[in-house]
Amino acid sequence: MSKSLDYDNKLILAPMVRINHLPTRLLALEYGADIVYSEEIIDFKILTSRRRENEILGTVDYELPDGTVIFRTCPKEEGRLVFQLGTADAKRALKAAQKLENDITVLDVNMGCPQPFSLQGGMGAALLTKPEKVHDILSTLVKGLKIPVSCKIRILPKLEDTIKLVKLIESTGVCAIAVHGRTIDERPRHANQNHIIKAIKQAVKIPVIANGGSKEILCYEDIAKFKEETGADSVMIARAAEWNPSIFRKEGKLPIVDVIKQHVRYALKYDINAISAKYCILQIMHTSMDMAEGQPMLDCKHMVEICDIWKMEDEFKATQELLTKKREEEMEEESHRNNMVAKRLKSEDGSILIRLPVRFTKANYPTDMSPKQHLHVRCMKNHEKAPPYKTIQRESDRRFNSVLTFQGRKYTTPYWEKSKQLAEQGAAIACLISLGLDDGRVNNIEAEDDELRRKWKELVSDQNHNSDIKNDTCNEIKNNLEKTNDSSKSVKPETAENVT
């Protein structure tokens with residue numbers, strides 16, 4: 001097992017669902033937090049996800065099959081990040097944790113969440129009355145992981161039961177225990193039972209982290225008072241940090257406008273979606289919704305709108321241009337790295353297949369007309385049947401590739417995309433470019449200059465090719481795209497009515 005974190009007199013950002021995404025954690029560290037927790041993520045999600053090193057953002061991402069990022073971390077958190085896992089099963093928890101352990105510092109098990117979704121799944125606070133399962137989960141993780149393990153609990157109605165529980169937890173070999181000084185039925189309006197946390201600290205030898213004092217912590221100086229009252233080794237802050245992450249600053253809290261703008265900067269830099277950013281910003285504004293930005297924030301849906309509200313239009317534009325440039329560079333590097341040049345091939349049924357190294361990047365196209373829609377409109381105008389898409393998913397990384405058939409020819413790209421939609425948009429772009437048609441882009445890709453387009457046009461022209469195409473290209477298509485085997489599976493074809 002690697003060396004544990006130092007829990008002596010530390011300031012810690014508590015795990016909070018929908019709050020503790022990467023920007024919030026980085027804000028807390030910037031303002032003075034020593035340790036930050038992720039939000040609770042269920043073991044099933046981690047097991048379903050795919051780990052990806054995001055070279056564009058400089059992050060490590062865990063993505064669901066549909067491309068949704070459920071956890072993103074970066075080097076700035078290294079050595080200070082605790083991942084909180086939601087689980088009700090020791091074996092499943094270990095499998096999920098082993099997938100994560102190289103990207104986190106400590107694995108924490110949530111044994112305190114009182115929300116119905118946790119309780120119904122036998123997770124969170126539901127574990128507090130199941131000591132055998134608590135012991136099984138924690139001891140399995142401690143023995144099976146290379147990194148330290150901790151847990152977070154709520155207190156039980158009786159002090160003696162709480163002490164018995166924490167001693168059992170200590171016996172499993174965990175490195176620390178965080179204690180929220182309320183029972184499962186109590187809410188923030190109830191007083192935090194600081195004396196119970198103090199009794200817990202006196203009963204165990206492992207570090208105890210006090211939590212639940214946000215009602216008492218209005219400024220930085222209050223943190224020390226809470227620590228003294230609980231006798232804990234460290235203090236964990238939740239709602240006070242949710243409302244203003246600069247609560248961790250020794251110099252005092254910053255105005256919320258400054259905090260919000262810094263949150264937006266992190267959201268832009270790490271490509272966080274507008275829904276997540278908006279939610280966190282609204283929590284920071286919770287008592288200040290009467291300010292001029294209040295109603296516009298409630299109404300906004302996109303990051304560009306959020307940046308307009310906070311007068312950060314130039315920063316939005318600069319960040320988007322930088323990300324677009326990085327994406328294009330990555331695509332170009334991948335193309336050269338894999339020798340992904342344009343190819344004219346013969347598919348298994350004898351038809352011509354054109355493979356162009358093109359990809360769909362949202363920033364390069366208008367929101368109201370995608371390449372697929374361009375092709376669909378073209379077909380409607382010419383009274384032609386909408387082209388079918390044959391899309392398959394590669395089991396090894398759950399990525400997609402699509403082949404479009406139009407006027408007897410097939411069109412595809414060499415790339416395996418993170419979603420079915422991206423794969424089909426790429427196939428549509430390949431088709432439109434091959435036909436010499438406008439694919440609707442509003443921003444040109446530097447790598448696709450006139451000379452490259454000319455070469456592509458020569459490639460697809462029948463005048464420069466006969467029907468004798470090498471068998472190895474036929475086999476390439478058969479193996480990679482057309483054949484559904486153990487390593488890939490077909491995805492339901494797109495219908496003419498479902499064009500996006």
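## Helix α6 and its surroundings

The buried residues of α6 are Thr162, Ile163, Leu165, Val166 and Ile169. Buried means under 20% relative accessible area, exposed over 50%, and partly exposed in between (1.4 Å probe, protein chains only). Seen down the axis of α6, these buried residues fall within an arc of 160°, so they line one face of the helix. The arc is that of the directions from the helix axis to the C-beta atoms. An α-helix has 3.6 residues a turn, so residues three or four places apart point the same way.

This is a predicted model: local features need pLDDT of at least 70, side-chain atom pairs count only at pLDDT 80 or more, and totals for chains, interfaces and linings use all residues. Residues are numbered from 1 along each chain as its sequence is written, and side-chain values use heavy atoms, leaving out hydrogens and water.

Helix α6 covers residues 159-171. Its 13 residues reach 19 Å from first C-alpha to last, close to the 18 Å expected at 1.5 Å a residue. That expected span is 1.5 Å times one less than the number of residues. The face turned away from the buried side carries exposed Glu160, Lys164 and Ser171. Just after α6, Gly173 takes a positive phi of about 95°.

What covers the buried side? The cover includes the elements below, by contact (heavy atoms within 4.5 Å).

| Element | Residues |
|---|---|
| α5 | 131-144 |
| β9 | 149-154 |
| β10 | 176-180 |
| α7 | 194-203 |

The chain has 18 helices and 18 strands. Helices (H or I, at least four residues) and strands (E, at least two) are DSSP runs, numbered from the N terminus. Of its 500 residues, 55% count as buried.
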